[in-house]
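Student: I am new to this structure and would like a close look at one part of it. Please start with the chain as a whole and then go down to single residues.

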Amino acid sequence: MVKVKKVLAQTYIWLVLLLMYLPVLVLIVFSFTTAKQVGQWSGFSFGLYKNLLTSREIWVAVGNTFIIAFTSAFVSVVLGSIGALGSFYSKKKWQSLYDNVTQIPIVNAEIVMALSLCVMFTFIGTYVFHNEIASYWTLLIGHVVLSIPFVYISVKPKLQQMDPSVYEAALDLGATPMQALRKVIIPEIMPGVLSGFLLAITLSLDDFVITQFTRGAGLLSGNSQIETISTYVQSHIAKRPVPPELRALTTIIFLIVVVAVIIITIRNIHKSKQAKVRKGRD
Amino acid sequence: MKSNKKKEAKKTRRFFSVFGIPYAVFLILFIIIPILIIVYYAFTENGQFSISAAASFFTSWAKWKVLLISMFVALQTTIICLLIGYPLAYFLANKKFNKNTVLVTLFIAPMWINFVLRTGATRDLLTWIGVKGGRMPYFATLVGMVYNYLPFVILPLYSTMLKLDKSLMEAASDLGANPFQVFIKALAPQTIPGIVSATLMTFMPTMSSYVISDVLSENMITLFGNYINTEFGLGSWNTASFMAMIMLLIVGISLFINLKFNKDKEGGRTQLW
């Protein structure tokens with residue numbers, strides 16, 4: 001009985017998983033033929049991959065996407081971590097204010113955030129600079145707004161879990177607050193900072209709405225609007241099927257994701273082994 | 001000596017609380033002020049106080065219709081996602097059915113494939129099997145929404161299911177409850193925080209998303225997000241701002257609900273790693 005139940009549960013899990021990946025898998029299969037549309041097969045070929053390699057537009061979009069993801073994640077991590085630190089050492093009243101305002105972008109609809117930023121940038125551009133200010137910098141701010149709360153909420157719990165006596169001991173032993181920060185607090189919060197960084201990258205890579213509303217000219221796009229993978233794909237699929245070269249790109253992205261999943265799995269196994277060892281020692 | 005130590009602690013507190021200033025400034029400049037500007041535009045016209053945006057919203061049946069349709073689509077998406085995701089999360093979190101933690105990562109991994117690209121892929125697949133967005137816009141949109149938001153439902157449910165107190169369910173069935181009663185009385189009440197955060201993570205974004213419905217329904221279905229986007233594109237900032245404010249209001253209500261049900265602030269999207 002238990003066995004039957006287990007088989008059913010496993011079947012269900014794998015079925016949903018298969019359905020979830022089906023669209024992407026179909027694109028991958030049809031990336032090995034040069035037909036215009038998914039569902040048509042005009043013989044096996046690597047033609048799309050060759051086209052992808054020589055498509056300047058796509059690589060510009062990919063490059064922009066990564067530049068924005070890493071720079072915005074970096075800014076978010078620095079600003080969000082020191083924000084969490086500052087909030088943790090503030091009075092209770094201020095602390096809850098920090099916490100609540102941080103929740104706003106997390107629950108807010110992306111389009112509302114995007115719209116409000118766009119309106120503000122246009123407003124400032126018109127009345128303060130008398131010029132268009134939409135650029136890489138406004139885009140960067142948009143992405144930081146998107147990801148900074150997640151850095152904050154990853155780091156804050158680490159500070160709360162920290163044993164305050166270690167920090168006090170460091171001070172008693174003659175460390176200055178800055179030294180204690182470097183030697184005691186930063187190592188404590190590092191796991192939170194790291195997961196905040198990864199979350200920030202993920203959110204930025206996937207973003208479309210904020211990008212659409214806050215971007216201007218710049219980066220690898222030169223004098224034209226900054227294109228990211230999201231905006232590039234969106235402008236091409238509005239009326240037509242996914243362009244053939246993008247099927248090849250999907251395969252590459254998928255492979256990267258598979259590698260990421262493998263790395264995470266290995267890390268998890270390693271972690272649980274360590275935990276077991278620790279348990280054994282006690 | 002002791003008072004000296006207290007003084008020292010107070011000094012470090014003050015020292016470190018200064019670190020929060022850049023973050024606070026950022027929050028004020030780029031989160032609070034933009035929202036205030038939206039509210040300003042919602043209630044003005046050409047710089048003067050006016051309720052014309054509000055009036056035009058509340059008297060327009062077309063706008064109400066969009067709002068109601070969006071809520072309906074969002075509700076349906078949420079229910080379908082919960083129906084698929086709830087048993088899935090239960091199986092994934094239960095050692096009796098699944099010991100493989102890689103599977104959980106696999107359910108979240110689609111989030112790392114660009115979502116516009118995934119939406120395009122979904123449409124291509126649907127077109128191939130004959131479900132063309134132009135012909136069945138509503139169904140196609142719903143499929144796209146479920147595809148996109150399922151991971152956001154699985155994640156919070158899974159993290160609540162991990163913390164389940166299984167002895168409660170065992171006790172219930174030992175005392176003669178049938179499986180349905182066990183579910184209603186012993187399992188479901190424990191998972192309410194997960195259900196609430198899963199609902200919030202699906203309902204709001206579905207209502208306000210516009211890419212998925214644009215692409216999958218081939219512009220035949222307009223959701224609230226599409227509407228805000230179009231109005232803004234046409235240059236009617238006041239109308240767009242007022243609709244954004246309506247959205248904000250709904251967000252506010254859901255934030256309130258979330259605070260009521262979820263005392264611990266972790267969970268959901270934060271527990272990716």
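What percentage of the 282 residues in chain A is made up of buried residues?

Tutor: Buried residues account for 51% of the 282 residues in chain A. Keep in mind from the start that this is a predicted model. A residue is called buried when its relative accessible area is under 20%, and exposed when that area is over 50%.

The fold of chain A comes next. Chain A contains 11 helices and zero strands. Followed along the sequence, the pattern is α-α-α-α-α-α-α-α-α-α-α. Chain A has a radius of gyration of 24 Å, whereas the globule rule gives 19 Å for 282 residues, so chain A is more spread out than a compact globule. Along the principal axes, the C-alpha atoms of chain A fill a box of roughly 75 × 70 × 35 Å.

Take the contacts in chain A with a separation of 6 or more: residues 24 or more positions apart account for 71% of them. The accessible surface of chain A is about 14,100 Å², and 68% of that surface belongs to carbon and sulfur atoms.

A:L115 has a relative accessible area of 0%, so it falls under the 20% limit and is buried. What is A:L115 in contact with, leaving aside its neighbours within four places in sequence? In chain A the partner is A:F213, and the partners in chain B are B:I38, B:I228, B:F232, B:A240, B:S241 and B:A244. A:F213 is 98 residues away from A:L115 in sequence, yet the C-alpha atoms of the two are 6.7 Å apart in space.

A:L198 is in helix 8 of chain A, residues 177–206. With 31% relative accessibility, A:L198 counts as partly exposed. A:L198 is 70 residues from A:V128 in sequence, and their C-alpha atoms are 36 Å apart in space.

Chain B has 13 helices and two strands. The radius of gyration of chain B is 23 Å, well over the 19 Å from the globule rule for 273 residues, so chain B is also described as more spread out than a compact globule. The box filled by its C-alpha atoms, taken along the principal axes, is roughly 75 × 65 × 35 Å. Buried residues make up 53% of the 273 residues in chain B. Of the contacts in chain B between residues at least 6 apart in sequence, 74% join residues at least 24 apart. The accessible surface of chain B comes to about 13,000 Å², with 68% belonging to carbon and sulfur atoms. In chain B, the mean positions of the 24 positive and 11 negative charges are 11 Å apart.

One loop of chain B also deserves attention. B:E218 lies between helix 11 (211–216) and helix 12 (224–233) of chain B. B:E218 is not a glycine, although its phi is positive, at about 50°. B:E218 counts as partly exposed at 27% relative accessibility. B:N219 is in the loop between helix 11 and helix 12 of chain B as well. Phi of B:N219 is near 65°, a positive value in a residue other than glycine. The relative accessibility of B:N219 is 42%, and B:N219 therefore counts as partly exposed.

The last point is confidence. The average pLDDT of chain B is 85, and 94% of the residues score at least 70. Among the elements of chain B, the lowest mean pLDDT, 74, belongs to helix 1 (residues 2–17), and the highest, 93, to helix 2 (residues 20–42). Over residues 265–273 of chain B pLDDT stays under 50, and for this stretch the model has 28 contacts beyond four places in sequence. For the complex, the predictor gives an ipTM of 0.87 and a pTM of 0.88.

Terms used:
Residues numbered from 1 in each chain as written. Chains lettered and ligands numbered in written order. Predicted model: local features only at pLDDT ≥ 70, side-chain atom pairs only at ≥ 80, totals over all residues. Heavy atoms only, no water. Helix = DSSP H or I, 4+ residues; strand = E, 2+ residues; numbered from the N terminus. Rg over C-alpha atoms; globule rule 2.2 N^0.38 Å. Buried < 20%, exposed > 50% of the residue type's maximum accessible area, 1.4 Å probe, protein only. Contact = heavy atoms within 4.5 Å. Areas by Shrake-Rupley, 256 points an atom, 1.4 Å probe, with all protein chains shown as cover. pLDDT = per-residue confidence, 0-100. Lys, Arg positive; Asp, Glu negative; His and termini not counted. Charge placed at Lys NZ, Arg CZ, Asp CG, Glu CD.
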